[in-house]
Amino acid sequence: MTRRELIKSGGALAIALGIPLPVLSLTKQNHMKNTANFDVIIIGGSYAGLSAAMALGRSLRKVLIIDAGNPCNKQTPHSHNFITQDGEQPAVIAAKAKAQVLKYDTVQFLEDKAISGERSKKGFTIKTGSGAKYSSKKLIFATGIKDIMPKIKGFAECWGISVIHCPYCHGYEFRSQKTAIMANGERAFHLASLVHNLTKKLIILTNGNANFDDTQLSKLNQNGIEIIETEITEMEHQNGQIQNVVFKNGKKISLDALYAGIPFEQHTEIPVTLGCELTEQGYIKVDPFQKTSIKGIYACGDNSSMMRSVANAVYTGNMVGAMVNKELVEEEF
Ligand SMILES: Cc1cc2nc3c(=O)[nH]c(=O)nc-3n(C[C@H](O)[C@H](O)[C@H](O)COP(=O)(O)OP(=O)(O)OC[C@H]3O[C@@H](n4cnc5c(N)ncnc54)[C@H](O)[C@@H]3O)c2cc1C
């Protein structure tokens, strides 16, 4: 392997082999100020973006990945339910993916934030936080979503550690333990049916007036799931491991885990400013091939799907890579 290949591996391989890296890695190309014509710009370089880049790199496409380095699962100690990587640290999975993708010569990775985008004659131009502009024929958004933390003391510190979003990702680790669902209505009911399969020590915290119909109430009652409506003020914890939920009336209940359905927003306005439609829930609207409502723009991963998982991000990214290459091939051939 040449020195250049080592650097392009994202450093992971060099570190593993004990080879010192140069001060400026090619993965950190913030010096790259000139407008370059890429086939594809991918905004977001986590699982979805890297998966798209792999299919495109293997198709000899000139690709620029722009990534701000802020994936949604960064606080989670271990990622689960993605085959071959079960229990691995999220950043390790991403680093392996990045090293493999950057082995393809036509793919570049830029640590920066895309701040605006416009259409150009031949495609799109993206401006980054460091003031550089890049243009491409096609655009892929793999930007994830931003979780909006409720204003409950201790919640953000526990997020991804003992306050979790998904039974498939972390439910097994908390099986048979004292668990709460902090949600209301249909969402809480659906989660309750899933989580009840993993633990019977289950309650629902609606953090305000409960909103269930009679059938739901009777099912919850039948399964021994209590509902507490009192407002929550704090989650007492130790290094992110929840100990107690504290209510406005001063009462406390002890817990091992809490599932929370919290709101989200898109990380960036760029898709909307370029004309991409959003769904009612706030996802980027895509067809089954991940095409947005604007020709030449695709989206993959969490920003356009309710199925929030590493596997889904990788799958939709892979699909986007193939679809974008197909579109380019059809234009060129
Ligand atoms: C707390 C938590 C724990 C989870 N645990 C699991 C688990 O155990 N197993 C599992 O399968 N799934 C898990 N998930 C879900 C999984 O992490 C996501 O589905 C997955 O990370 C989505 O990948 P993505 O590439 O779409 O987005 P992300 O991984 O969120 O990455 C988006 C990337 O885009 C970048 N970006 C955004 N806007 C811009 C911009 N304007 N310019 C440049 N870059 C930008 C961000 O900085 C980030 O690097 C978890 C999620 C959370 C929140």
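This is a predicted model: local features need pLDDT of at least 70, side-chain atom pairs count only at pLDDT 80 or more; totals for chains, interfaces and linings use all residues.
Where does cysteine 276 lie? It's in the loop between α9, residues 270-273, and β17, residues 297-299. Leaving out residues up to four places away in sequence, cysteine 276 touches Pro271, Ile284, Thr292, Ser293, Ile294 and Ile297. Take isoleucine 294 from that list: cysteine 276 and isoleucine 294 are 18 residues apart in sequence, and their C-alphas are 5.7 Å apart in space.

Okay, on to threonine 125. You'll find this one in strand β5, residues 123-128. Threonine 125 has a relative accessible area of 15%, so it's buried as well. Setting aside neighbours within four places in sequence, threonine 125 is in contact with Ser116, Gly117, Glu118 and Ser120, and also with Lys133, Tyr134 and Ser135.

α3 covers residues 47-57 and α4 covers residues 90-101. They pack at an angle of about 20°, with the axes 10 Å apart. Angles under 35 degrees count as roughly parallel, so that's what we call α3 and α4. The crossing of α3 past α4 is left-handed.

Which residues meet there? From α3 we have Tyr47, Leu50, Ala53 and Met54. On the α4 side, they meet Pro90, Ile93, Ala94, Ala97, Lys98, Gln100 and Val101. Sorted by class, the contact of α3 with α4 has nine nonpolar residues, one polar and one charged.

Definitions and conventions: Residues are numbered from 1 along each chain as its sequence is written. Side-chain values use heavy atoms; hydrogens and water are left out. Axes are lines fitted to C-alpha atoms, for helices over the stretch in contact, and angles run from 0 to 180 degrees between N-to-C directions. Helices (H or I, at least four residues) and strands (E, at least two) are DSSP runs, numbered from the N terminus. Angles under 35 degrees count as roughly parallel, over 145 as roughly antiparallel, 65 to 115 as roughly perpendicular and the rest as oblique. A crossing is left-handed if the near helix is turned anticlockwise from the far one by less than a right angle, and right-handed if clockwise. Contact means heavy atoms within 4.5 Å. Ala, Val, Leu, Ile, Met, Phe, Trp, Tyr, Cys and Pro count as nonpolar, Asp, Glu, Lys and Arg as charged, and the others, Gly among them, as polar. Buried means under 20% relative accessible area, exposed over 50%, partly exposed in between (1.4 Å probe, protein chains only).
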